[in-house]
Amino acid sequence: FQVSDSGKDGTWADADPAAPLSDGAHFIRYVVTDLAGNTGTTNALEVDMDKTAPAAPKVELVADTGASATDHVTSNGQVRVSGIEAGAKWQYSTDGTTWTTGPAADQTGTALLDTTANGAQKLQVRAIDAAGNASAAATLEF
């Protein structure tokens, strides 16, 4: 197939299988040849490559009700997850293996999660962008 980085009417070059497309907009088309040797091209298709993981979200207690405001002891199990990019979803895990999709983020990229378990908790959160790239996990122990 061929690739153009300057639009569907731009300059076309044969794609290099050893050089994957970079992040950003590209146009691709196929050159087809029939049995008689006649060649033609397909219509151009615009693709937007995104192989970059989003930034890890921030996770914090909504209210740290312990002896100090920073001891991560709380009687309120509500957690705030922020920094979720537009169009992304986020997931959480309490065991580092099983991931569950969290509630939708608001327009500021913030979501709230109510945890109900008692005792020491280790909560990991990660963002998944629209292309399916996963961020590193952020961890909150409380």
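Reader: What makes the arrangement of S7, S8 and S11 an open sheet?

Author: In this predicted model, three strands form the sheet in the order S7-S8-S11, and their pairing is antiparallel. Strand S7 (58–61) and strand S11 (111–114) stand at the edges with a single partner strand each, so one side of each has no neighbour in the sheet. From one strand to the next, the twist averages 25 degrees.

Reader: Which secondary structure elements does the chain contain?

Author: The chain has zero helices and 13 strands, and read from the N terminus its elements run β-β-β-β-β-β-β-β-β-β-β-β-β.

Reader: Why is the chain called more spread out than a compact globule?

Author: For 142 residues the globule rule gives 14 Å, whereas the radius of gyration of the chain is 23 Å, well over that value, and therefore the chain is described as more spread out than a compact globule. Taken along the principal axes, the box filled by the C-alpha atoms is roughly 80 × 30 × 20 Å. The accessible surface comes to about 8,800 Å², and 50% of it belongs to carbon and sulfur atoms, while buried residues make up 28% of the 142 residues.

Reader: What surrounds glutamine 2, leaving aside its neighbours within four places in sequence?

Author: With those neighbours set aside, glutamine 2 is in contact with Trp12, Ala13, Asp14, Ala15, Phe27, Ile28, Arg29 and Val31.

Reader: What makes the pairing of the side chains of glutamine 2 and aspartate 14 a polar contact?

Author: A polar contact requires a pair of N or O atoms within 3.5 Å, one able to donate a hydrogen and the other to accept it. The contact between the side chains of glutamine 2 and aspartate 14 is 3.3 Å, and the polar contact joining the side chains of glutamine 2 and arginine 29 is 2.7 Å, so both values fall within the cut-off.

How values were computed:
Residues are numbered from 1 along each chain as its sequence is written. This is a predicted model: local features need pLDDT of at least 70, side-chain atom pairs count only at pLDDT 80 or more; totals for chains, interfaces and linings use all residues. Side-chain values use heavy atoms; hydrogens and water are left out. Two strands pair if DSSP finds at least two bridges between them. Helices (H or I, at least four residues) and strands (E, at least two) are DSSP runs, numbered from the N terminus. Axes are lines fitted to C-alpha atoms, for helices over the stretch in contact, and angles run from 0 to 180 degrees between N-to-C directions. The radius of gyration is taken over C-alpha atoms; the globule rule is 2.2 Å times the number of residues to the power 0.38. Buried means under 20% relative accessible area, exposed over 50%, partly exposed in between (1.4 Å probe, protein chains only). Accessible areas come from the Shrake-Rupley method with a 1.4 Å probe; for residues, only the protein chains shown count as cover. Contact means heavy atoms within 4.5 Å.
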